Amino acid sequence: MANEHGQKWDRCLADSAVKIATGLGVGIVFSVLFFKRRTWPVAFGSGVGLGMGYSNCQQDFRSPYQLHGHRVKVSKSNTS
């Protein structure tokens, strides 16, 4: 159980970091290209990334029986 909890935290932090960095990058691009180097697109993009990461983490911790990328093998003796 503790190992599964640690894996969820690892996935959560990695997913959040990717989403925040992507939002930050998109915000910088929009700031430079469309909004005359204003700072609010950068903050908005980072906030959206943080919100998406938080939402995904919340769903991951609330679904205790969801398997993430593990292959479940069914033995022939268990099938009816």
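Which residues does Ser16 touch, not counting residues up to four places away in sequence? The exercises below lead to this and related points.

The model is predicted, so local features need pLDDT of at least 70 and side-chain atom pairs count only at pLDDT 80 or more, while totals for chains, interfaces and linings use all residues. Residues are numbered from 1 along each chain as its sequence is written, and side-chain values use heavy atoms, with hydrogens and water left out.

**Exercise 1. State the contacts and the setting of Ser16.**

Step 1. A contact means heavy atoms within 4.5 Å. Leaving out residues up to four places away in sequence, Ser16 touches Gly53, Tyr54 and Cys57.

Step 2. Helices are DSSP runs of H or I with at least four residues, strands are runs of E with at least two, and both are numbered from the N terminus. Ser16 belongs to helix H1.

Step 3. A residue is buried under 20% relative accessible area, exposed over 50%, and partly exposed in between (1.4 Å probe, protein chains only). With a relative accessible area of 12%, Ser16 is therefore buried.

Step 4. The C-alpha atom of Ser16 is separated by 7.5 Å from that of Met52, although the two are 36 residues apart along the chain. Met52 lies in helix H2, residues 40–62, and its relative accessibility of 43% makes Met52 partly exposed.

**Exercise 2. Describe the chain as a whole.**

Step 1. The chain has two helices and zero strands.

Step 2. The chain has 80 residues, of which 18% count as buried.

Step 3. Among the contacts with a separation of 6 or more, 61% involve residues 24 or more positions apart.

Step 4. Accessible areas come from the Shrake-Rupley method with a 1.4 Å probe; for residues, only the protein chains shown count as cover. The chain exposes about 6,600 Å², and carbon and sulfur atoms supply 63% of this area.

**Exercise 3. Locate the disulfide and describe the two cysteines.**

Step 1. A disulfide is a pair of cysteine sulfur atoms within 2.5 Å. The structure holds one, and it joins Cys12 to Cys57 with an S to S distance of 1.8 Å.

Step 2. The link of Cys12 and Cys57 is right-handed, with 105° about the S-S bond.

Step 3. Cys12 lies in helix H1 and Cys57 in helix H2, so the pair ties together parts that are 45 residues apart in sequence.

Step 4. Cys12 is buried, with a relative accessible area of 9%. Cys57 also counts as buried, at 8%.

**Exercise 4. Identify the salt bridges and say which parts of the chain they join.**

Step 1. A salt bridge is a side-chain nitrogen of Lys or Arg within 4 Å of a carboxyl oxygen of Asp or Glu. By this rule there are two salt bridges.

Step 2. Asp60 is buried, with a relative accessible area of 8%, whereas Arg11 is partly exposed at 30%.

Step 3. Asp15 forms a salt bridge with Lys19, the closest N and O atoms being 3.3 Å apart. Because these residues are four apart in helix H1, Asp15 and Lys19 are separated by about one helical turn. Asp15 is partly exposed at 23% relative accessibility, and Lys19 is partly exposed at 21%.

**Exercise 5. Classify the ring pair of Trp9 and Phe61.**

Step 1. Rings of Phe, Tyr and Trp (its six-membered ring) pair if their centres lie within 6.5 Å; planes under 30 degrees apart count as stacked, over 60 as edge-to-face and the rest as tilted. The count comes to three aromatic pairs.

Step 2. The ring centres of Trp9 and Phe61 are 5.2 Å apart and the planes stand at 55°, so the pair is tilted.

Step 3. Trp9 lies in helix H1 and Phe61 in helix H2, so the pair ties together parts that are 52 residues apart in sequence.

Step 4. Trp9 is partly exposed at 41% relative accessibility, and Phe61 is partly exposed with a relative accessible area of 28%.
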